[in-house]
Amino acid sequence: MSDVGEKASPAEETEREAAPAQPMAASGRFRVDIRLASLLGVLVVLCAVGYFLKPDSFLSESNVSSMLRLAAAIGVVSVGMTFVIIAAGIDLSVGSMVALASVWMTTYATQEMGMFVMVLCALAVGLGAGLVNGVLIAYGRVVPFIATLAMYASARGLAERLSNRETQTVSVTSYNEFFRGDILGIPVLIWMLAVVFAIGWVVLNRTTFGRRTFAIGGNAEAARLAGINVKLHTALVYGIAGLCCGIAAIMVVARTTSGSSTNGMFYELDAIAAVVIGGTLLSGGRGTLIGTLIGVLIFTVVNSIFTQNNLQTDVQNIAKGVIIIVAVLLQYGTTRNRKT
Amino acid sequence: MKEPVNEPGEVLLTMSGIVKTFPGVRALDGVDLEVRAGEVHCLLGQNGAGKSTLIKVLSGAHQPDEGEIRWLDRPARFSSPDAALRIGVATMYQELDLVEGLSVAENIFLGHEPHTLGFARRGLMRARARELMRRLGHPEIPPGREVGLLSAAGQQLVSMARALAHDARLIIMDEPTAALAADEVDNLFRVVADLTAEGVAVVYISHRLEEIRRIGHRVTVLKDGRTVGTNLAADTPTSELVNLMSGRQVETVFPHREANTTDVTDEVLAVEGLTRAGEFSDVSFTVRAGEIVGIAGLVGAGRSEVLETVFGARRADAGTVTVNGRRLRNGSVTAAVAAGVGLAPEERKSQALLLDQAVASNVILASLPAFSRGGFSDLAREYRVSREMLERLDLRPPDPRREVRTFSGGNQQKVVVARWLVRECTLLLLDEPTRGVDVGARAELYGLIHELAASGVAVVLVSSEVPEVLGLSDRVLVMREGRLLTEAPANELTEAAVLDMVMEGSEVVL
């Protein structure tokens, strides 16, 4: 009831001497973002540590190239995940979708039809699975956590059925030659990450689609009452995540020259971790792709440091956990002046 | 059975000269109230008269700036809700504060569960809950039942049982019948009668005069945060009560406005037979270009629901909405927006704004395609147009990059209006546009609404504040219980006449 109690609310919402507003990702002008700067700082420190421990090999061309090639697939998956999380959703099924697409594109039947069909197959499978997620969530009103948990289980199950749990080696030489090769001296996988990232950045920050994604994640009801078709848009966002998984499958298959139902294990956790480290809020409405990319690179550098120094994966996992917490606490520190 | 130990007729509570100010608003400006044991004391007043603030002072949620509270003839301080409860004042808020997933017993004892060494004594809790429900005349409600499964009336009883579990000697009931059906109301009144027979005092707030006559003993009337009538008998004539409540001093002067005299009957909105089961039925009205039509009525009369249905945010069960000669698709916001309709919804923060995002993002939210070429955003134009709009609406500072969260309520409302101005809508639906807006910003919003109408926009305005509806509108629709009661030019209506129609149980004077 709007009584004087309501009138009283200016008490709480009177203009604060507010901290400068968070520069919009789409500000179109270069602005120093403290959070991104601190993330970048973490990355630089980690690189310095790597260099200090192995001065000869860490920053060598071959190690940098192999680090980036390893980062490429998970980077592409994280781009899709960033869209989903900015729209206030979550996708637990990305790893399974990568597995399914990698298996489907490498069956004998698909391989016989050549490289282009293989690529199209991976893209279609990823997009299709993502849209199934999206339709269930947007139109079936299934909670994202549950809908994608179901896809997490069933997509990998389907991949196991399709492949009989066997590793399907790629014998299409044109595929291997192209995707394992270089363009202008840079591996194709790294080009793919760069292109996906660039397209993702433009779509998120420079198109109406991206603006709607931020709006839906920030306040879905407000978006709906502004005439935005929230359901259709939500479905498409999950479709994008699936499409990114299809692209990642192409990359994983190229790197390992095989398709397997065990591909993409724990990608969902790595991708969510990278997105969160990158400063995207799990509650939606805020986030940057640049942050996500730095998040991915931080993990890659850590992995490289550990493998180069022959450390066990158990230590590596502990370090990952610590990094997630430290990075997130650092960001809370820099945003504490904002009252939420 | 434990009996509260109030002597019948004993003066329990005296408040005198209570003042409470918030920035920009003097919510309470000298309230006097006296409550005796065993009476039902009714509080009457329009929206904004200070009832809610008074309840919050009584329940310990707000501290008064001035004035004296005496409890059993000794000075008392209700320093927190907990302190008020310990003294013996319990409040049943209009929006029930129950945890739906917990059981009846758990809700009744929430926060003060009987325990031994930290272990909840569930058996004792249930037994005491059962006894309380029996005392309230509803032994059939089992203490183990989940509260979310109970009817509105059942939940009300649980809320009341909670008050009794604290051995409350004074229970404040804020519009307890708003969500109840007729037979449930009868039961509530029986319970209230039993309570008062035991010596418990009840402060009862309702807009339904009929109820006040049925169970009230004395009436206190508030206006502009002041007590204008106290210790009135419950059978005081309606006209006298309405006279006391009306004639509010509105701090804002409504800008002078030339009555809309266009002969052209370019009807922008035509609503016919609009119905939503349980909310409103058979609502028909039209709005012409440049006209401001106000809808007066109490909260729950169906005003906001009508607006949201016109806008397509709710699906109509029957009836049609025609905008600029074209019938709108039922239940489609997208269609309404495409047809040139805009809505500034009641809950600004949860329904309209992207609080964490820049003003510009909020302003262009409904016009994204117009600010893009081939799907790509034209950011430069976005900022330019947003800045122009902010300057036109006098939003300070006119920085389109600033987060909406950092602006005051009035400025946030301007952002919402700006969104529809940028969209160049021909019909603007405003739901409680001045809620949570301070006096200065109110005047600016009023001016803005007039300016819009002058430029040919058709405006539908919903407000709980009768003077606001009368002061702003050309034509006024009065709604009560989901029905359109009257339609009349604003200058033919008086505040008292509208109030009288709006409140149930009073005779219609028109």
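Helix 5 of chain B passes helix 6 of chain B in a right-handed crossing (the near helix is turned clockwise from the far one by less than a right angle). This is a predicted model, where local features need pLDDT of at least 70, side-chain atom pairs count only at pLDDT 80 or more, and totals for chains, interfaces and linings use all residues. Residues are numbered from 1 along each chain as its sequence is written, chains are lettered from A and ligands numbered from 1 in the order written, and side-chain values use heavy atoms, without hydrogens and water.

**Exercise 1.** Work out how helix 5 and helix 6 of chain B are oriented to each other.

*Solution.* 
- Step 1: helix 5 (residues 152-165) and helix 6 (residues 182-197) of chain B pack at about 15°, with axes 10 Å apart.
- Step 2: angles under 35 degrees count as roughly parallel.
- Step 3: the two helices of chain B are therefore roughly parallel to each other.

**Exercise 2.** Classify the ring pair of B:F311 and B:W420, and find where each residue sits.

*Solution.* 
- Step 1: rings pair if their centres lie within 6.5 Å; planes under 30 degrees apart are stacked, over 60 edge-to-face, the rest tilted.
- Step 2: the centres of B:F311 and B:W420 are 6.1 Å apart and the planes at 85°, so the pair is edge-to-face.
- Step 3: B:F311 lies in the loop between helix 9 (303-310) and strand 16 (318-323) of chain B, and B:W420 in helix 14 (residues 409-422) of chain B, so the pair ties together parts 109 residues apart in sequence.
- Step 4: B:F311 is buried at 0% relative accessible area, and B:W420 is buried at 1% (buried means under 20%, with a 1.4 Å probe and protein chains only).

Methods. Axes fitted to C-alpha atoms, helices over the stretch in contact; angles between N-to-C directions. Helix = DSSP H or I, 4+ residues; strand = E, 2+ residues; numbered from the N terminus. Parallel < 35°, antiparallel > 145°, perpendicular 65-115°, else oblique. Phe/Tyr/Trp six-rings, centres within 6.5 Å; stacked < 30°, edge-to-face > 60°. Buried < 20%, exposed > 50% of the residue type's maximum accessible area, 1.4 Å probe, protein only.
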